[in-house]
Structures are given as structure tokens and as C-alpha cells.
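Here are my notes for your review. Please keep the model open while you read.

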Amino acid sequence: VVSVHGLKSRVLADDGNTYECAVRQVLKSLSIEQRSILVAGDHVLFRAASLVDGVIEEVHPRHGVISRTSRGQQHVLVANVDYLLVITSAAEPGLKPALIDRFLLTAQQCNLKPVVVVNKIDLVDPAQLQPMLGVYASLGVRVLMTSAETGINIPYLRCLLEGKQTAVTGQSGVGKSSLLNAIQPGLGLAVATVSADNDKGRHTTTAAKLIPLQGGGAVFDTPGIRQFQLWDISAGEVAGLMPDLRPYVNACRYPDCLHLTEDGCAVKDAVADGRIDARRY
Ligand code: GDP
Ligand code: ZN
């Protein structure tokens, strides 16, 4: 499903054709109670009624969902997100590890596979970033240094995203549009238009959509991604969402330990003797 407007959606079929699809009656009655019955990124079974339209019969189970909670209800924004591309830049603006950590927490919470991209690598000596990026690599997070300017690792990134559904996040100015345009001309422009609208305060009325990649796969154009960034994680949940801290959590003396000033904190002990990176802590 490329996009959804009410009960109509655009579906990209395996044969490469696009169909306008209505949701079959049974799904329609469901959708009245549950607004996110069908979202961009969903994989569906549909029956073509003509060369251009058809009917959605079935929505396949989802993985990697980005959602937003409002008034106690969860609204799914996009489904079947294979990668969360966390785009940062080595300079202008400089790398902000605390921000990367927050994105990784959210990825963990939503069950998304993160890929950290450090763009503008042409502006610095990559060796100076190694110690910090090595910590992420040791957590099993894929880290990729790129330059949209000089083309470093662009073919690799293009290859990585092929056949995958990718959501993109990162603060403004890091080169998200430039990178996406380097992968495929026009791709970044399409995504950037919507976020620029958001900056002016025209929120959330634009639904998420998928922009297909030439080599297969697609990038999500997701206006709601800002809220997603601010999605609340309570203090007590944080350590459990960090793969480097999690193994120690159960060994703390108090079950509700926040690993700050408590006695008998196994996390603090692990930081003290270097088993946990001090900055990550
Ligand atoms: P966005 O706000 O994240 O979409 O960032 P943009 O793609 O608009 O890029 C912000 C600025 O950074 C622009 O002036 C780009 O020309 C510049 N830029 C983007 N990628 C690179 C890069 O790899 N190297 C350098 N030196 N500049 C870049
Ligand atoms: Zn503790």
C-alpha cells in the first residue's frame, strides 16, 4: 500500500502496476472502530477489477510499526518498516551522540532495525569518529559513513535500501534530502516538501506515503515522524531498551532501580569497571 485516502488506497502490485483499491466490506466495518486498519507500507492481498482498480481482500500481519499515541489510543502511521535510517552529520551540525541514543531507544521500542548514517564525512577525518562509532558497532547497530557531496558510500546505501521499506529520521540540516537525492533524483525533494510544510505548522493532515525506489523497495514519506521522535519512554524503561545496559539490570538490588544513586546498582558497577561505555550510561 503506497498511500491511503479514506477507504481508498493506492496499491503497488508485484507486476509494477499501480491500482486504486477499495477496502472490502468486512475491513471497512473494522476500520470504523480502528482508524489504522490500512496504512502506507501494509502488505495486502487484492483482487484486480480492471487494469487500474481493485479490491483489498486481506491485510497481512505487520512488523516494524511506527505509531503515535493520542488520547490513550495508538494510531499506526506506517507499517512494515524494515529500516529506520537515523541520519546524522559529522559536522555542520556536528555529531550528537545523545540524539542518536534517543533514536536508537525509539527504534528498539518499536522493533525497528536502525541504521545510523553519519553524513558529511567529507568535512572531517573519519578516524576521529571511530571510538564513538565503534560503541554502536559493538551493539550490533550498522553504522555507515557517507557523503552526499562526494558520493562516498552512496552506492552502498542505495544497495542496502533496495527491496526494503525505509523510514528516515534525523535533525534538519544533516543532509537527509541530499542523501535521498543522491540515491535517486527527486526522492529527497518529495520527502522534504512535506517536512517543510510541517515546519510552518500545517500538521498531520497529510497522510504518510511510500515513495518507490527504482531498484525495488521504498522510502516512507512520513509527516508524523516528529511526534514519533518525541514518543515518550518512561525513565524506568530506558535501561531495558539499551542492549548494553540490559544484561545488568536484573542484578541491581532494587527492582525499580533507576541506576542513578541507588546502592547495589549493577549498572553503575559495570560503568565503573568499563563494561558499559560511560557516555552511553
Ligand atoms: P536536510 O535538512 O537534512 O534534508 O538537509 P539537506 O539535504 O537540505 O542539506 C543541508 C545542507 O548540507 C545543504 O547545504 C547541503 O548541500 C549540505 N550537505 C548535504 N550533504 C552533504 C555532505 O555530504 N557533505 C557536505 N559537505 N555538505 C552536505
Ligand atoms: Zn541499577
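1. **Basis.** This is a predicted model, in which local features need pLDDT of at least 70, side-chain atom pairs count only at pLDDT 80 or more, and totals for chains, interfaces and linings use all residues. Residues are numbered from 1 along each chain as its sequence is written, chains are lettered from A and ligands numbered from 1 in the order in which they are written, and side-chain values use heavy atoms, with hydrogens and water left out.

2. **Overall fold.** The protein chain has 10 helices and 13 strands. These are DSSP runs numbered from the N terminus: H or I of at least four residues for helices, E of at least two for strands. The chain holds 281 residues, and 44% of them are buried. Buried means under 20% relative accessible area, exposed over 50%, and partly exposed in between (1.4 Å probe, protein chains only).

3. **Contacts and surface.** Take the contacts between residues at least 6 apart in sequence: 61% of them join residues at least 24 apart. A contact here is heavy atoms within 4.5 Å. The accessible surface of the chain is about 14400 Å², and carbon and sulfur atoms account for 53% of it. Areas come from the Shrake-Rupley method with a 1.4 Å probe; for residues, only the protein chains shown count as cover.

4. **Ligand shell.** Ligand 1 has 15 residues around it. A residue is near a molecule if one of its heavy atoms lies within 4 Å of it. Asp-122, Ala-148, Gly-173, Lys-176 and Ser-178 come nearest. Helix 5 (residues 176–183) gives the largest share of the shell, three residues. By class, the shell has eight polar, four charged and three nonpolar residues. Here Ala, Val, Leu, Ile, Met, Phe, Trp, Tyr, Cys and Pro count as nonpolar, Asp, Glu, Lys and Arg as charged, and the others, Gly among them, as polar.

5. **Main core.** The largest nonpolar core has 32 residues. Such a core is a set of buried Ala, Val, Leu, Ile, Met, Phe, Trp, Tyr and Cys residues joined through side-chain atoms within 4.5 Å. Val-118, Leu-129 and Leu-133 have the most contacts inside it. Helix 2 gives the most to this core, five residues. Beyond its neighbours within four places in sequence, Val-118 touches residues including Leu-95, Leu-129, Leu-133 and Val-143.

6. **Second core.** A separate core of 20 residues includes Ile-154, Leu-157, Val-174 and Leu-180.

7. **Backbone points to check.** Most residues other than glycine have a negative phi, and most peptide bonds are trans. The Glu-92 to Pro-93 bond is cis, with omega near -5°. Pro-93 sits in the loop between strand 8 and helix 2. Asn-111 has a positive phi near 65°; it lies in the loop between helix 2 and strand 9 and is exposed, at 66% relative accessibility. Asn-153 also has a positive phi, about 65°. Asn-153 is in the loop between strand 10 and helix 4 and is partly exposed, at 29%.
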